[in-house]
Amino acid sequence: MIEDELEAVVRAGKSVLAGNDLGRWTKPAPNLYPHQWNWDSCFIAIGLSHYNFDRACQEIRSLLRGQWSNGLLPQIVFNPEGDDYFPGPDVWQSHRSPDAPKDVQTSGITQPTVLATAALSIWRNAPDGRKDEAKSFLQETLPHIRHYHQFFYEERNPDGDGLIVVIHPWESGTDNSPPYLDAGKRVHMAYKPQYTRLDTRQVSAANRPSDKDYDLFVYLLELMRQDNWDQKSYLGHAPLQVQDVLFNSVLCRANLDLAAIAEIIGQDQDEPREWYEQTRSALNRRCWDDEDGMYYDYDRVAGRLIKIDTIAGLHTLYGRVAPEDRAARMIEVHLLNPKLFWPPSGYPVPSTSLSSEWFNPENYWLGPVWIGINWMLARGLSSAGRPELAATLTTRSLGLVQRSGYREYFNPYTGQGYGTEDFSWAAALTIDLVAEMGEPV
Ligand code: 9WN
């Protein structure tokens with residue numbers, strides 16, 4: 001891309017973020033997602049950190065309003081003025097838990113933890129004259145980040161080995177990704193939940209999770225709600241428990257970033273380093289399949305790996321989980337394979353392998369490309385000593401948004417965009433990718 005084109009992409013990205021800005025935080029999309037989402041806001045803060053230090057800090061402070069007293073940082077902090085989203089606060093009823101905050105309503109589950117990574121970006125990208133303020137920001141946020149990570153190791157670590165369990169597909173951030181639908185098949189639904197979907201009024205049903213998937217999502221929500229969002233009690237009988245490779249890898253990276261934050265402000269780094277080691281080695285022990293040369297999610301209820309090739313396994317690059325030999329094998333055999341994750345004339349990286357029986361190029365997490373995923377994979381490739389591949393993936397991702405705009409997800413063969421328009425994280429992370437190329441933003 002030439003300089004003018006890069007400039008135009010950045011300008012358009014900033015205008016998407018400004019359009020979705022509600023003053024103190026940013027919604028993920030103009031209409032489809034009217035509340036504040038956890039990992040979306042962290043990605044948004046990373047983009048903002050390049051050109052608006054104050055607003056980036058504010059994005060994170062707003063998100064932290066939703067933190068529970070047990071450390072959980074919820075998937076959604078509800079906007080009292082936001083409607084048209086199902087399930088809303090009346091369905092979640094977070095106030096049933098004594099741990100939930102009193103002054104805001106939230107959902108009762110979390111999302112992949114990008115908080116430490118966002119805070120560290122804010123410090124790194126702070127203008128020279130504002131480094132002291134950035135350091136104070138880290139001092140202010142570190143206890144919250146630590147408490148959030150502690151939540152995982154205390155409440156979601158049922159085997160005590162640091163392999164964190166995800167109990168709801170929405171918690172994974174990759175909602176209808178095939179491992180969740182596969183694990184979902186084993187959930188016995190005692191009744192069919194009654195509800196009305198609102199998402200398919202805005203986006204074609206062909207591009208969204210199916211009604212059957214939504215039955216599973218809502219059933220699991222209602223089941224956990226019956227336990228008043230009590231983690232221990234729910235984990236004792238939760239019918240869906242996935243030790244998700246993406247989720248755990250993102251946590252590994254976040255632990256390293258938390259350690260870096262502790263170092264910057266002169267605090268002890270042992271705890272996050274120890275958490276990182278535990279989760280990294282548990283992933284390598286339990287989730288690596290040596291025959292296939294891939295990491296797979298582990299179904300803790302069924303007691304076995306879910307051998308479906310998705311982007312989850314590739315996130316071990318981002319999390320600095322995969323040792324050199326495994327990383328090299330996974331990159332050659334899976335990532336760069338034109339039949340799996342690198343469509344030769346299309347757009348890498350499809351969320352589910354092109355050869356999987358689950359693959360669908362037009363439906364949500366069953367195949368489309370997501371900018372947030374490519375961003376993590378590009379960072380992962382750089383960490384794995386493959387900067388040239390990271391650069392190629394960045395260029396292809398920029399080509400995608402240039403072709404189709406800031407859509408939510410894209411067809412890996414044609415680049416056609418689907419889902420909402422003006423998707424905030426696509427805009428924010430594109431700005432970050434351009435900045436990482438050394439271009440002004
Ligand atoms: C449920 C907001 C969120 C993202 C998720 C993405 C999608 C929500 C939905 O949108 O999920 O959390 O209603 O489908 O899957 O990753 O955070 O952008």
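I count a polar contact as a pair of N or O atoms within 3.5 Å. I am working from a predicted model.

**Ligand**

I started with Asp40. One of its polar side-chain atoms lies 2.6 Å from an oxygen atom of the ligand. I then checked Trp37, where an N or O atom of the side chain is 3.0 Å from a ligand oxygen. For Gln111 I also read 3.0 Å, again from a side-chain N or O atom to an oxygen of the ligand. How much of the ligand does the protein bury? Taken alone, the ligand exposes 410 Å², and the protein buries 100% of that. I listed 16 residues around the ligand. Asp40, Gln75, Tyr85, Gly173 and Tyr364 come nearest.

**Pro112**

I looked up Pro112 next. I found Pro112 in the loop between helix H4 (89-92) and helix H5 (115-125). Is Pro112 buried or exposed? Its relative accessibility is 0%, so I count Pro112 as buried. Leaving aside neighbours within four places in sequence, I noted contacts from Pro112 to residues including Trp39, Tyr148, Gly173 and Val250. Val250 is 138 residues from Pro112 along the chain, yet their C-alpha atoms are separated by 6.5 Å.

I placed Asn20 in the loop between helix H1 (3-19) and strand S1 (36-37). Asn20 has a relative accessible area of 2%, so I call it buried; the cut-off is under 20%. Beyond its neighbours within four places in sequence, I see Asn20 in contact with Trp25, Thr26, Lys27, Pro28, Ala29, Pro30, Asp422 and Ser424.

I moved on to Asp21, which forms a salt bridge with Arg55; the closest N and O atoms are 2.8 Å apart. Asp21 is partly exposed at 29% relative accessibility. Arg55 is buried at 9%.

I counted 24 salt bridges in the structure. Arg300 and Asp159 meet in one of them, at 2.9 Å from N to O. Which parts does this pair tie together? Arg300 lies in the loop between strand S6 (298-299) and strand S7 (304-305), and Asp159 in the loop between helix H6 (131-155) and helix H7 (169-172), so the pair ties together parts 141 residues apart in sequence. I noted both as partly exposed: Arg300 at 27% and Asp159 at 34%.

I also checked Lys185 with Asp182, a salt bridge with its closest N and O atoms 3.8 Å apart. Lys185 is exposed at 57%, whereas Asp182 is buried at 13%. I then traced shared partners: salt bridges join Asp159, Asp161, Arg286 and Arg300 into one network.

In H14 (residues 324-335), I found Ala327, Met330, Ile331, His334 and Leu335 buried. Why are they on the same side of H14? They cover an arc of only 110° around the axis, which puts them there. I see these buried residues packing against strand S5 (294-295), helix H13 (311-318), helix H15 (371-383) and helix H16 (387-404).

In H13, 8 of the 8 residues are buried, so I describe this helix as largely enclosed by the rest of the structure. The buried residues of H13 pack against H5, helix H11 (245-264), S5, H14 and H15. Just after H13, I noted that Arg320 takes a positive phi of about 50°.

Terms used
Residues are numbered from 1 along each chain as its sequence is written. This is a predicted model: local features need pLDDT of at least 70, side-chain atom pairs count only at pLDDT 80 or more; totals for chains, interfaces and linings use all residues. Side-chain values use heavy atoms; hydrogens and water are left out. Buried means under 20% relative accessible area, exposed over 50%, partly exposed in between (1.4 Å probe, protein chains only). Helices (H or I, at least four residues) and strands (E, at least two) are DSSP runs, numbered from the N terminus. The arc is that of the directions from the helix axis to the C-beta atoms. Contact means heavy atoms within 4.5 Å. A residue is near a molecule or strand if one of its heavy atoms lies within 4 Å of it. A polar contact is a pair of N or O atoms within 3.5 Å; within protein, one must be able to donate a hydrogen and the other to accept it, and residues adjacent in sequence count only if both atoms are side-chain atoms. Accessible areas come from the Shrake-Rupley method with a 1.4 Å probe; for residues, only the protein chains shown count as cover. A salt bridge is a side-chain nitrogen of Lys or Arg within 4 Å of a carboxyl oxygen of Asp or Glu.
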